[in-house]
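The sequence and structure come first.

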Amino acid sequence: MGTFIQLVVDGLATGSIYAALALAIVLVNQATGLINFAQGGLAVLSAYIAYVFVQLGLPLILAILIAVVLSFVLGALVERFLVRRFERGDPDTAVVVTIGLLTLVTGISAVLWGYNNLAFPSLFPLTSVEILGAVVSVRSLATAVTIVVIMVILQLLFLRTKLGLALRAVADNPASAAFSGLPVGRLLMVGWGLAATLGAIAGVLVAPQLTLTPGMLDTALVYALAAVILGGLNSPIGCVVAAAAIGVLENLVAVYIPLIGHDLKIAVPFALIFVILIVRPQGLFGRKVVVRV
């Protein structure tokens, strides 16, 4: 029983990493209608920016705040001068653009800081506590709580605020939103800026656990995309629940199903995606989209 609880706790800690990135992907999709494959690369770049300011002697919290602000500006500029040229064109072209942006940002990080693992300081204590016989890192626990708080804020943003409703209107139908007097271009920039900000928070939360490298979030991006598909592209709550479920399930499968083991556990989310896309294409918590023609 102790092993089972430990696997569940470790899975939830890992799932919080996937959830952090998944929330940023959902935010971009809700604001622009796109899936941003470059989200992981931008998050890593933000973590490197924070790392630079820490090395310059600034307090960690101040370095993170500066990185968050710069990430908002970077995200807005990327939307304005790169992504906007492709947003309302062929969706496949926009996907290729974000993949190319991921490659570019990862390359820039590698050129500037190399591929060596860098130790990123943690916001939270490195001590552990015992819960139901399982040893839980305070850092992992605090990260998970932070992700849940961000999830709630995002849910309230899109459902209860004028900005959130405006972002959703622009993503659903930019032409109608423009006729309604909404500043479509500015809102798109804000959407990407907010997603980059959320990515920056994800990057600095994850970096102390994974160590800082240009490809730090490459694997996590795969799991985050799986969580988004499972939970629903329009549901922050859904993607967090799905990310936690993936983290726990892959841990349990790796230990209790020897045929799969640790080598094949990455196949678990893909199997779940296959089933969900057949049974419920909009995701477990997603809403069906009705298109009038």
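## Helix H6 against helix H8

H6 and H8 are roughly perpendicular to each other, a label given to angles of 65 to 115 degrees, while angles under 35 count as roughly parallel, over 145 as roughly antiparallel and the rest as oblique. The axes of H6 (residues 162–172) and H8 cross at roughly 110 degrees and come within 10 Å. Axes are lines fitted to C-alpha atoms, for helices over the stretch in contact, with angles from 0 to 180 degrees between N-to-C directions. Helices (H or I, at least four residues) are DSSP runs numbered from the N terminus.

The model is predicted: local features need pLDDT of at least 70, side-chain atom pairs count only at pLDDT 80 or more, and totals for chains, interfaces and linings use all residues. Residues are numbered from 1 along each chain as its sequence is written, and side-chain values use heavy atoms, with hydrogens and water left out.

On the H6 side, Leu163, Ala166, Leu167 and Val170 meet Val184, Leu187, Leu188, Val190, Gly191 and Leu194 of H8; contact means heavy atoms within 4.5 Å. The residues of this contact divide into nine nonpolar, one polar and no charged. In this scheme Ala, Val, Leu, Ile, Met, Phe, Trp, Tyr, Cys and Pro are nonpolar, Asp, Glu, Lys and Arg are charged, and the others, Gly among them, are polar.

H8 has 27 residues and reaches 38 Å from its first C-alpha to its last, close to the 39 Å expected at 1.5 Å a residue; the expected span is 1.5 Å times one less than the number of residues. Of the 27 residues of H8, 19 are buried, so H8 is largely enclosed by the rest of the structure. Buried means under 20% relative accessible area, exposed over 50%, and partly exposed in between (1.4 Å probe, protein chains only). Thr211 follows H8 and has a positive phi, near 70 degrees.

The axes of H5 (residues 138–160) and H8 come within 10 Å and cross at roughly 170 degrees, and the two helices are therefore roughly antiparallel. The H5 residues in this contact include Ile147, Ile150, Leu154 and Leu157, and those of H8 include Leu194, Leu198, Ile201 and Leu205. The contact of H5 with H8 divides into nine nonpolar, four polar and one charged.

## Helix H3

H3 (residues 60–81) has 22 residues and spans 31 Å from first to last C-alpha, close to the 32 Å expected. Its buried residues, among them Leu60, Ile64, Val68, Gly75 and Glu79, pack against H2 (39–55), H4 (91–113) and H8 (184–210).

## Aromatic pairs

Rings of Phe, Tyr and Trp (its six-membered ring) pair if their centres lie within 6.5 Å; planes under 30 degrees apart count as stacked, over 60 as edge-to-face and the rest as tilted. The count comes to two pairs. Tyr18 and Tyr223 are stacked, at 4.5 Å centre to centre and 10 degrees between the planes. Tyr18 is in H1 (residues 2–32) and Tyr223 in H9 (residues 218–231), 205 residues apart; both are buried.

Tyr48 and Trp113 have ring centres 4.5 Å apart and planes at 5 degrees, so this pair is stacked. Tyr48 lies in H2 and Trp113 in H4, so the pair ties together parts 65 residues apart in sequence. Tyr48 is buried at 0% relative accessibility, whereas Trp113 is partly exposed at 23%.

## Gly286

Gly286 lies in the segment after H11 (267–279) and is buried, with a relative accessible area of 6%. Not counting residues up to four places away in sequence, Gly286 touches Gly231, Gly232, Asn234 and Arg280.
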